[in-house]
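Please look at the sequence and the structure before going on.

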Amino acid sequence: MAYVISDDCVCCGTCADECPVGAISEGDGKYVIDADSCVECGTCAGACPNEAISLPE
Ligand code: SF4
């Protein structure tokens with residue numbers, strides 16, 4: 001299960017810089033995580049200054 005980025009994303013790009021597998025890219029109005037590339041390390045969730053990244057419930 002890949003991490004997901006919520007609408008709280010402000011497109012700062014911090015997560016994309018931190019992802020070790022390059023799974024995060026800029027989408028339409030917010031950043032998006034490629035579910036097939038994500039290895040669920042959680043680095044992005046810890047790096048996001050807006051707490052916009054989490055595992056889906
Ligand atoms: Fe990248 Fe890890 Fe975040 Fe998945 S959980 S998008 S691999 S930083």
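The sections below go from the whole chain to single residues.

## Overall layout

The model is predicted. The chain holds two helices and four strands. Read from the N terminus, these elements follow the order β-α-β-β-α-β. The radius of gyration is 10 Å, close to the 10 Å that the globule rule gives for 57 residues, so the chain is as compact as a globular protein of that length.

Along the principal axes, the C-alpha atoms fill a box of roughly 25 × 25 × 20 Å.

## Surface and interior

The accessible surface of the chain is about 3,600 Å². Carbon and sulfur atoms account for 43% of that surface. Of the 57 residues in the chain, 30% are buried.

In soluble globular proteins, nonpolar side chains tend to be buried together. In this chain, the largest nonpolar core has 15 residues. The residues with the most contacts inside this core are Ile-5, Cys-15, Ile-24, Ile-33, Cys-44 and Ile-53.

Which residues does Ile-24 touch, leaving aside its neighbours within four places in sequence? The list is Ile-5, Cys-15, Ala-16, Cys-19, Tyr-31, Val-32, Ile-33 and Cys-44.

## Cysteines

A disulfide is a covalent bond between the sulfur atoms of two cysteines. How many disulfides are counted in this model? The count is zero, with a disulfide taken as a pair of cysteine sulfur atoms within 2.5 Å.

Are Cys-38 and Cys-44 buried or exposed? The cut-off for buried is under 20% relative accessible area. Cys-38 has a relative accessibility of 16%, so Cys-38 counts as buried. Cys-44 has a relative accessibility of 8% and therefore counts as buried too.

## The salt bridge

One salt bridge is counted. Lys-30 and Asp-7 form this salt bridge, and their closest N and O atoms are 3.4 Å apart. Lys-30 is in the loop between strand E2 (24-26) and strand E3 (31-33), while Asp-7 is in the loop between strand E1 (4-5) and helix H1 (14-18), so the pair ties together parts that are 23 residues apart in sequence.

Lys-30 is partly exposed, at 24% relative accessibility. Asp-7 is exposed, at 70% relative accessibility.

Ala-45 belongs to helix H2, which covers residues 43-47. The relative accessible area of Ala-45 is 24%, so this residue counts as partly exposed. Leaving aside neighbours within four places in sequence, Ala-45 is in contact with Tyr-3 and Ile-53. Ile-53 is also one of the residues with the most contacts inside the largest nonpolar core.

How far apart are Ala-45 and Ala-35 in space, from C-alpha to C-alpha? The distance is 15 Å, for two residues that are ten residues apart in sequence.

## Positive phi angles

Most residues other than glycine have a negative phi. Cys-11 has a positive phi, near 60°. This cysteine, Cys-11, is in the loop between E1 and H1, and Cys-11 is partly exposed at 27% relative accessibility.

Phi of Glu-40 is positive as well, near 60°. Glu-40 is in the loop between E3 and H2. With a relative accessibility of 42%, Glu-40 counts as partly exposed.

Definitions and conventions
Residues are numbered from 1 along each chain as its sequence is written. This is a predicted model: local features need pLDDT of at least 70, side-chain atom pairs count only at pLDDT 80 or more; totals for chains, interfaces and linings use all residues. Side-chain values use heavy atoms; hydrogens and water are left out. The radius of gyration is taken over C-alpha atoms; the globule rule is 2.2 Å times the number of residues to the power 0.38. Buried means under 20% relative accessible area, exposed over 50%, partly exposed in between (1.4 Å probe, protein chains only). Accessible areas come from the Shrake-Rupley method with a 1.4 Å probe; for residues, only the protein chains shown count as cover. A salt bridge is a side-chain nitrogen of Lys or Arg within 4 Å of a carboxyl oxygen of Asp or Glu. A nonpolar core is a set of buried Ala, Val, Leu, Ile, Met, Phe, Trp, Tyr and Cys residues joined through side-chain atoms within 4.5 Å. Contact means heavy atoms within 4.5 Å.
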